[in-house]
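Here's a quick walk through a helical model, written for someone who likes to know the cut-offs. Have a look at the fold first, then read on.

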Amino acid sequence: MPRFKTHLVISAAAGSAYSLAIQACRQSLNPNLPQEINPIHAAVCSLAAAIGGCAPDVFEPADRRTGPNHRGKLHSFAVGAAAVKGAHFLAICETGSVNERWFADIAGAFYAGYVSHLAADALTPKGLNLVCKGC
Ligand SMILES: [Zn+2]
């Protein structure tokens, strides 16, 4: 079972990767944008993803009694698929507002961190549930 620090590092890296990918994609689609990576954007997305990467274990915490058996609906492939779709939708949604763009990027990075948590948990022997325990 990955520990809190492991999830924090993996999800922060996922947020940075998410930021770099959407910035590079946006710049390639619109040559009028400044052709440089915004480090503040990457840092904010990394922080948002770190929060998203810790969220599943905050809402479904493991304790000594349950151990890795704490994984419920929030630790499922179904929620993971919804999070992937959410991150993708937010990455490609178009808006002319800078504030809306930032909000969408931060929310997308949160989802990217969430998915990184589920991916790390899926690689453990306990894995993830399809929907929930016993479903
Ligand atoms: Zn977990």
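In which hand of crossing does α3 pass α4? The crossing is left-handed, a label used if the near helix is turned anticlockwise from the far one by less than a right angle, with right-handed for clockwise.

Before going further, some housekeeping. You're looking at a predicted model, where local features need pLDDT of at least 70, side-chain atom pairs count only at pLDDT 80 or more, and totals for chains, interfaces and linings use all residues. Residues are numbered from 1 along each chain as its sequence is written.

**Overall layout**

The protein has 4 helices and 0 strands, in the order α-α-α-α from the N terminus on. Both kinds of element are DSSP runs numbered from the N terminus (helices are H or I, at least four residues; strands are E, at least two). The C-alpha trace spans about 55 × 30 × 20 Å along its principal axes. Among contacts with a separation of 6 or more, 77% link residues 24 or more positions apart; a contact here is two C-beta atoms, placed from the backbone, within 7 Å.

**Two helix pairs**

Two packed helices are described by the angle between their axes and the distance between the axes. The axes are lines fitted to C-alpha atoms, for helices over the stretch in contact, and the angles run from 0 to 180 degrees between N-to-C directions.

| Pair | Angle | Axis distance |
|---|---|---|
| α1 and α4 | about 135 degrees | 8 Å apart |
| α3 and α4 | roughly 150 degrees | within 8 Å |

α1 passes α4 in a right-handed crossing. On the α1 side the contact includes Thr6, His7, Ile10 and Tyr18, and on the α4 side Asp105, Gly108, Ala112 and His117. By class, that contact has 7 nonpolar, 9 polar and 1 charged residues. Here Ala, Val, Leu, Ile, Met, Phe, Trp, Tyr, Cys and Pro are nonpolar, Asp, Glu, Lys and Arg charged, and the others, Gly among them, polar.

Over at the α3 and α4 contact, Gly80, Ala83, Val84 and Leu90 are among the α3 residues, and Ala104, Tyr111, Val115 and Leu118 are among those of α4. This contact has 12 nonpolar, 3 polar and no charged residues.

**The core**

A nonpolar core is a set of buried Ala, Val, Leu, Ile, Met, Phe, Trp, Tyr and Cys residues joined through C-beta atoms within 7 Å. The largest one has 21 residues, and those touching the most other members include Tyr18, Ala49, Phe110 and Tyr111. α1, α2 (39–59), α3 (77–92) and α4 each give two or more residues to this core, and α4 gives the largest share, 8 residues. Leaving out residues up to four places away in sequence, Tyr111 touches Gly52, Ala83, Gly86 and Ala87.

Cysteine 25 sits in α1 and is exposed because it has 12 other C-beta atoms within 10 Å. Its C-alpha is 9.7 Å from that of isoleucine 92, 67 residues apart along the chain. Valine 98, in α4, counts as exposed with 8 C-beta neighbours inside 10 Å.

How values were computed: A residue is buried if 20 or more other C-beta atoms lie within 10 Å of its own, exposed if 12 or fewer, and partly exposed in between; C-beta atoms are placed from the backbone.
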